[in-house]
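Subject: A structure for you to explore

Hi there,

Here is the structure I promised to pass on to you. Have a look at it first, and then read on for what turned up.

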Amino acid sequence: MTHTELMIYREPEELAAGAAERISQAAAESIAARGRFTLCLTGGSTPRRAYTLLAQRQGPAAVDWSRTFLFFGDERFVPPDDDRSNYKMARESLLKNAPIAVDHVFPMPTNVASPQLGAAEYAGMLKQFFGDVAWPEFDLVLLGLGDDGHTASLFPGAAALEVRDRWTTCGPPGTLPPPVDRITLTFPLLNAARQVMFLVSGANKAAAFVDVYQGRVSVEKRPAVGIRPVNGRLVWLVDRAAAGPLAND
Ligand code: 6PG
């Protein structure tokens with residue numbers, strides 16, 4: 001049974017600060033319980049401010065980066081220095097400001113011949129880190145929401161939505177920019193997480209958010225509705241604009 005929590009923030013800046021605080025809490029809890037924090041980052045633009053605030057935390061409030069390991073939920077199949085790269089966004093907002101070792105960061109490989117090879121290579125990297133387990137359990141998976149209801153690179157109507165026997169897959173561009181091939185974690189791997197946290201900002205997301213949060217649509221139409229952590233927590237951090245009519249509940 002998924003335990004779901006909704007936090008509505010008045011402004012994007014408050015959402016970013018709330019996200020940084022909660023990520024830091026998850027880090028402290030994970031490290032206390034298991035000696036490490038495995039965090040799967042989302043791409044897109046929404047998390048950028050939260051990542052910067054997370055990296056800026058000092059003293060006891062800071063993340064113990066020496067025990068933290070960063071992964072990616074999806075990636076655009078472009079070079080790591082391309083402005084469309086999720087890794088580049090994370091490097092500029094988080095990695096350059098946080099004292100985290102290079103070998104604690106696991107970007108999805110895009111310097112290979114094809115997205116298929118990149119997906120297969122990433123599965124190998126995950127296996128090397130987590131071991132030969134059925135489904136690795138990230139301590140925290142961060143996700144965004146497209147205004148079409150996609151999450152990670154699981155797009156409406158995509159074949160990737162049906163992949164249930166692998167940790168990673170790849171696919172063609174969705175309808176939203178940027179129009180490049182993608183590598184993505186699959187639903188079963190995302191749903192194996194101890195905690196999944198959506199960060200959603202902006203009025204353009206309200207229709208998709210309400211549909212997904214209320215669970216009234218198909219995974220085909222709004223893929224994010226397929227995110228139901230098997231044993232974990234599901235947390236929605238949204239701003240008032242994205243909450244739409246739910247902001248008045
Ligand atoms: C990506 C993301 C994607 C993103 C949503 C929301 O590669 O683009 O992983 O799933 O989270 O599209 O993007 P914004 O935060 O830019 O609205």
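Let's start with C40, which is buried, with a relative accessible area of 0%. Keep in mind throughout that this is a predicted model. The other cysteine to look at is C170, which also counts as buried, at 18% relative accessibility, since the cut-off for buried is under 20%.

How many disulfides does a search of the whole structure find? The search comes back with zero. As a reminder, a disulfide is a covalent bond that joins the sulfur atoms of two cysteines. For C40, the closest cysteine sulfur is the one in C170, and at 17 Å that is too far for a bond. To be counted as a disulfide, the two sulfurs would have to be within 2.5 Å.

**Salt bridges**

While there are no disulfides to show you, the search of the whole structure does find 17 salt bridges.

Is R22 buried or exposed? With a relative accessibility of 14%, R22 counts as buried.

Another salt bridge is formed by E13 and R49, whose closest N and O atoms are 3.0 Å apart. This pair links distant parts of the chain, as E13 belongs to helix α1 and R49 to helix α2, 36 residues apart. Both ends have some accessible area: E13 counts as partly exposed at 39%, and R49 is partly exposed at 37%.

K88 and E92 make a salt bridge as well, and here the closest N and O atoms are 3.7 Å apart. These two are four residues apart in helix α3, so about one helical turn separates them. K88 counts as buried, with 13% relative accessibility, whereas E92 is partly exposed at 32%.

There is also a network of salt bridges, which links R34, E137, D139 and R194.

**A buried charge without a partner**

Next, please find D239, which is in strand β9 (residues 233-239). D239 is buried yet has no salt bridge. Where is the nearest side chain of opposite charge? That is R240, 8.6 Å away, while a salt bridge needs its nitrogen and oxygen within 4 Å. What D239 does have is a polar atom in its side chain that lies 2.9 Å from the backbone nitrogen of A242. Setting aside residues up to four places away in sequence, D239 touches I8, Y9, E11, P12, L15, V200, S201 and G202.

**Inside the fold**

Leaving aside neighbours within four places in sequence, A27 is in contact with F37 and V63.

**Around the ligand**

Finally, turn to the ligand. Which of the 16 residues around it come nearest? They are S45, T46, D74, A152 and K205.

- In K205, a side-chain N or O atom is 2.6 Å from an oxygen atom of the ligand.
- In H150, a side-chain N or O atom is 2.8 Å from an oxygen atom of the ligand.
- In T42, a polar side-chain atom is 3.3 Å from an oxygen atom of the ligand.

Best wishes

Terms used. Residues are numbered from 1 along each chain as its sequence is written. This is a predicted model: local features need pLDDT of at least 70, side-chain atom pairs count only at pLDDT 80 or more; totals for chains, interfaces and linings use all residues. Side-chain values use heavy atoms; hydrogens and water are left out. Buried means under 20% relative accessible area, exposed over 50%, partly exposed in between (1.4 Å probe, protein chains only). Lys and Arg count as positive and Asp and Glu as negative; His and the chain ends are not counted. A polar contact is a pair of N or O atoms within 3.5 Å; within protein, one must be able to donate a hydrogen and the other to accept it, and residues adjacent in sequence count only if both atoms are side-chain atoms. Contact means heavy atoms within 4.5 Å. A residue is near a molecule or strand if one of its heavy atoms lies within 4 Å of it.
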